[in-house]
Amino acid sequence: MRDTNSECCCQPLLDEFQRSKFSLHHDEPADFCRSQWQRGERSWIWLIYRWIFALFFAGGVLGSLIQHFDEGSWFIYLTDWGFVLCFYACTYGAIVATIYFIRPSYFESGSWALKVYWASHYTTTVLALMITLVFWVALYPTMNDGPVGLYNLWAHAFNSIVMFFDCFVVAFPTHLLHFIYPLVVGLVYGLFSLIFFWSGGTDYWGNRFIYFILDWQRPGLAIGSVCGCIVLALIFCILIFWIYRLRLWIYERCVKPQTTEIMQTRPATSTEKV
C-alpha cells in the first residue's frame, strides 16, 4: 500500500496517466449535484447559486444575440460558441442540482446525463479561459471600438471568472485525460473556420476570415494559431487539475475533520439522553 505521507507532490499528476482516466464514469453521482463545501445532503444556497449563474448567462446570450446578430454572423465566432457553452453548462448544472434537491436518489452511478454534464463543464471551463486570454492578448489590442463594452466583459472576462470559480466549489473530480473533449471542440472550430474560408464566407465587414489569426489565405499563421491554441488549452487543463487538487487539499484539512468530529459526537450525545 502506498504511503500517502511520503508521496511526492507530482504523484497525483502521474496517477492521471492511466487508461481509466479517459472514462466519464464516477461512482458517486451526488458529487455532480452538490458543492464540495456544503455540509448537509441538500442546500438551498447551492441551488440558488446554480440558478443565478444559469440566468446570468441566459441574459448574456440573449442580449448579445439581439445586439450583435449581424445577419447571422454571431454564430461564426468562437467567443459566441464559448458563451453558449457557458449558458449550457450552467443551466445543465442548475437542472441537475434541482432534480437532486427534489429527489436525491434520482441519478445512478454511470448516468449518461451526468457524463454529459461532466464533459461539458470541463470543456466549457477550458475554452472560457482560452477565449479570455487570446482575446485580451491577441485580438483586443488590434480593435478600435473605443471603451470596453459590456458584451466584451461578459463574453471575454466574466465567462472565465465564473467557470474558474465554479471549479473551486463543485464536488466532482477533474481528470487530465479529459483534455480530449475541449481538444475536439477546438479542432472542430478550426475545421469550421477552414470550411468557412473555402466556401467564400465573409464576416459582417466582408472579411474572408473570422479572426485575423485564422486567416487561411496565410495558412502558416492559421495553422500556427491552431497549434498554439492547442498548447494553451493543454496548459489550462493542467491548471484546472491543480485547482481541483487544491480544493481537495483544503477540504481534507479544514472541512472534513470538522464534519467527522460532528458525526462522532452525535451518537454520544444521543446516548446520554437515553
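Predicted model: local features only at pLDDT ≥ 70, side-chain atom pairs only at ≥ 80, totals over all residues.
The crossing of helices H3 and H4 is left-handed. Residues are numbered from 1 along each chain as its sequence is written, and side-chain values use heavy atoms, with hydrogens and water left out.

**How H3 and H4 meet**
- Helix H3 covers residues 78-102, and its axis lies 9 Å from that of H4 at an angle of about 145°.
- Axes are lines fitted to C-alpha atoms, for helices over the stretch in contact, and angles run from 0 to 180 degrees between N-to-C directions.
- On the H3 side, the contact (heavy atoms within 4.5 Å) includes Leu78, Gly82, Tyr88 and Val96.
- On the H4 side, the residues include Ala113, Tyr117, His121 and Ile131.
- By class, this contact has 15 nonpolar, six polar and no charged residues.
- Ala, Val, Leu, Ile, Met, Phe, Trp, Tyr, Cys and Pro count as nonpolar; Asp, Glu, Lys and Arg as charged; the others, Gly among them, as polar.

**Helix H4 itself**
- Helix H4 has 28 residues, 112-139, and should span 40 Å at 1.5 Å a residue. The expected span is 1.5 Å times one less than the number of residues.
- Its end C-alpha atoms are 38 Å apart, which agrees.
- Of its 28 residues, 21 are buried, so H4 is largely enclosed by the rest of the structure.
- Buried means under 20% relative accessible area, exposed over 50%, and partly exposed in between (1.4 Å probe, protein chains only).
- At the start of H4, a side-chain oxygen of Ser111 comes within 3.3 Å of the backbone nitrogen of Ala113.

- Ser43 sits in the loop between helix H1 (11-15) and helix H2 (44-68).
- Ser43 counts as buried because its relative accessibility is 18%.
- Its side chain reaches the backbone nitrogen of Trp46 at 3.2 Å.
- A polar atom of that side chain also lies 3.4 Å from the backbone nitrogen of Ile45.
- Leaving out residues up to four places away in sequence, Ser43 touches Gln38 and Phe101.

**The whole protein**
- The protein has seven helices and zero strands. Helices (H or I, at least four residues) and strands (E, at least two) are DSSP runs, numbered from the N terminus.
- Buried residues make up 44% of its 274 residues.

Methods:
Polar contact = N/O pair within 3.5 Å; in protein donor to acceptor, adjacent residues only side chain to side chain. Left-handed = near helix turned anticlockwise from the far one by under 90°.
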